[in-house]
Amino acid sequence: MNDKKLIGIDLGGTTIKLGILTEDGDIQQRWSLKTNILDDGTHIIPDIIESINEHLRLYQMKPAQFIGIGMGTPGSVDREKGTVVGAYNLSWKTTQYVKRDIEHGTKIPVAIDNDANAAALGERWKGAGDNESDVTFITLGTGVGGGIIADNHLLHGIAGSAGEIGHMTIDPNGFVCTCGKRGCLETVASATGVVRLARYMAEEYAGGSKLKKILDDGDEVSSKIVFDLAKSGDPFANMVVNKVCYYLGLATANIGNILNPKYIVIGGGVSAAGDFLLRNVNRYFLENAFPNVRKTTKLRLATLGNTAGVIGAASLALQFK
């Protein structure tokens, strides 16, 4: 049978996204379920197994019709053993035998990797990466993650920490990061980092500004509000956005200078600011990039949105062909 399918799983702290895809990466069915992190996350894997088996019954499909299952997960992943440890947002404090348990429960081979890597593979394969051999992906969400594809290989590093773009130092005297060091990109370019930077800069800003008033009044503020106000011409919001884009431009230039990928793709919630974000980041990228990199590496916005993780995860299962 030459039309076997793939299953992709994007495991998140609140939602598990699943899909059945063709070998070419086209989604045919997709669904999601709530991530039940109660009881130390012991329900998560059984819920995934039950959901897959239920959908196979629904679509009248058998395990033999699948090449494999690919899964992107938070935490530290041992790809060979198929285990995950330290995924604290899932309440997984101890080693989880993900590959073993899902294979046993579904009778389909399983491959797993880090969730940011899976999203990078998805954007590279079916999104803004145009299936090029050299693509770097940055995701700007609650934190800042990343994945690096070089010469058609996803880079993992000696201990799985390749692509930790969020922990690139862009200001040695900057904010303390959750990782314990100072000035990580994540502290100023994640959704929470943008707000943190706005609060910090508001202390010294004296002019008129709607954003400044919102912060001073103690009202709710988000990175979306900051970018929307900047787009509408708010002077202080524009100062904040300019600073965020300077840091992102510096980070992308450093990535370009080291890796010289065809594309650096920017995704995640903050990237919803669209061309306004890209244009401003690109200005600082061009200022800081090596001349040949400036000519050959391009910045792009991600195009797949919430499906990147499922598509990229499914591609992991192609190793079973």
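This is a predicted model: local features need pLDDT of at least 70, side-chain atom pairs count only at pLDDT 80 or more; totals for chains, interfaces and linings use all residues.
**Exercise 1. In which loop does Asn-260 lie?**

Residues are numbered from 1 along each chain as its sequence is written, and side-chain values use heavy atoms, with hydrogens and water left out.

*Solution.* 
- Step 1. Asn-260 sits in the loop between H9 and S11. Helices (H or I, at least four residues) and strands (E, at least two) are DSSP runs, numbered from the N terminus.
- Step 2. Check the backbone. Phi of Asn-260 is near 45 degrees, a positive value in a residue other than glycine. Most residues other than glycine have a negative phi.
- Step 3. Asn-260 has a relative accessible area of 34%, so Asn-260 is partly exposed. Buried means under 20% relative accessible area, exposed over 50%, and partly exposed in between (1.4 Å probe, protein chains only).

**Exercise 2. Find the loop that holds Asp-130, and state its phi.**

*Solution.* 
- Step 1. The loop runs between helix H4 (115-126) and S8.
- Step 2. Phi of Asp-130 is near 50 degrees, a positive value in a residue other than glycine.
- Step 3. Relative accessibility is 44%, so Asp-130 counts as partly exposed.

**Exercise 3. Describe how H6 packs on H9.**

*Solution.* 
- Step 1. Helix H6 (residues 191-202) and helix H9 (residues 235-259) pack at about 125 degrees, with axes 10 Å apart. Axes are lines fitted to C-alpha atoms, for helices over the stretch in contact; angles run from 0 to 180 degrees between N-to-C directions.
- Step 2. That angle makes H6 oblique to H9. The classes are roughly parallel under 35 degrees, roughly antiparallel over 145, roughly perpendicular from 65 to 115, and oblique for the rest.
- Step 3. List the contact (heavy atoms within 4.5 Å). H6 gives Val-194, Leu-197, Ala-198, Met-201 and Ala-202; H9 gives Phe-236, Met-239, Val-240, Lys-243 and Val-244.

**Exercise 4. Which residues touch the most other members of the largest nonpolar core?**

*Solution.* 
- Step 1. Define the set. A nonpolar core joins buried Ala, Val, Leu, Ile, Met, Phe, Trp, Tyr and Cys residues through side-chain atoms within 4.5 Å.
- Step 2. The largest core has 49 residues, and Leu-140, Leu-185, Leu-211 and Leu-277 touch the most other members.
- Step 3. H9 supplies the largest share of this core, 12 residues.
- Step 4. Take Leu-277. Leaving aside neighbours within four places in sequence, its contacts include Leu-140, Phe-227, Cys-245 and Ile-266.
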